[in-house]
Amino acid sequence: VLVQLGAEIQPLLQSSDWLSTKLVEAAQYSIEGIELKLGEKLARYQRQEGIWAGADGKPANVDDFLAKLEATAADRTQLSLPALQEEWGYLRISIGEGKQVSLSFGAVQGESRLVRDSAGGPVFLVKSADLDALAATLH
């Protein structure tokens, strides 16, 4: 998951526990659950005995979602963004031992949405089209 900070590309939310390498490892070993809500679309997945299952309990493939999540870029270059006042959606990933990392998605700002990391730090932007593409990977 990449973020543009000045001219450099860096891992999304590098100031928190969302490092790309950790997400890659978690995708393979330790993610226990994924919940994504974007507007009216809600998807939940749980790992059960090493196999992913949807909210209906049927087997699910989340590889495309995790690949798209890693390819998603965020723009942290703008420092005068408004605060995230209402939540339009969220992404929560349970990584075991009761730990969860999450993002809150807010209002549209140009072609992007305001995003806030649960670990704190300034609000940043993710393109709305990228969020639509991420949602499209979930069934």
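Mentor: A salt bridge is a side-chain nitrogen of Lys or Arg within 4 Å of a carboxyl oxygen of Asp or Glu. The structure holds one salt bridge. This is a predicted model, in which local features need pLDDT of at least 70 and side-chain atom pairs count only at pLDDT 80 or more, while totals for chains, interfaces and linings use all residues. Residues are numbered from 1 along each chain as its sequence is written, and side-chain values use heavy atoms, with hydrogens and water left out.

Trainee: Which side chains meet in the salt bridge?

Mentor: Side chains of opposite charge can pair when their charged atoms come close. Here the partners are Arg-44 and Glu-35, at 3.2 Å from N to O. Burial is read from relative accessible area with a 1.4 Å probe on protein chains only: under 20% is buried, over 50% exposed, and in between partly exposed. Arg-44 counts as partly exposed because its relative accessibility is 41%, whereas Glu-35, at 17%, counts as buried.

Trainee: How many helices and strands does the secondary structure of the protein chain come to?

Mentor: Elements are DSSP runs numbered from the N terminus, helices being H or I of at least four residues and strands E of at least two. The protein chain has three helices and ten strands, in the order β-β-α-β-β-β-α-β-β-β-β-β-α. Of its 139 residues, 41% count as buried. Among contacts with a separation of 6 or more, 50% join residues 24 or more positions apart.

Trainee: Which residues of helix 2 are buried, and which are exposed?

Mentor: An α-helix has 3.6 residues a turn, so residues three or four places apart point the same way. In helix 2 (residues 63-71), Phe-65, Leu-66 and Leu-69 are buried. They lie on the same side of helix 2 because they cover an arc (of directions from the helix axis to the C-beta atoms) of only 95 degrees. Asp-63, Asp-64 and Ala-71 are exposed on the other side.

Trainee: Which residues of helix 3 are buried, and what covers them?

Mentor: Ser-128, Leu-131, Leu-134 and Ala-135 are buried in helix 3. Their arc around the axis is only 115 degrees, which puts them on the same side of helix 3. Their cover includes strand 3, strand 4, helix 2, strand 8, strand 9 (112-117) and strand 10. The exposed residues Ala-129 and Ala-136 sit on the face turned away from the buried side.

Trainee: Which residues touch the most other members of the largest nonpolar core?

Mentor: A nonpolar core is a set of buried Ala, Val, Leu, Ile, Met, Phe, Trp, Tyr and Cys residues joined through side-chain atoms within 4.5 Å. Ile-34, Leu-36, Phe-65, Leu-91 and Phe-105 touch the most others among the 24 residues of the largest one. Elements that each supply at least two residues include strand 3, helix 2, strand 7 (89-96), strand 8 (99-109) and helix 3 (128-136). Leaving aside residues up to four places away in sequence, Ile-34 touches residues including Trp-52, Val-62, Phe-65, Leu-66 and Leu-91, and also Arg-44.

Terms used. Contact = heavy atoms within 4.5 Å.
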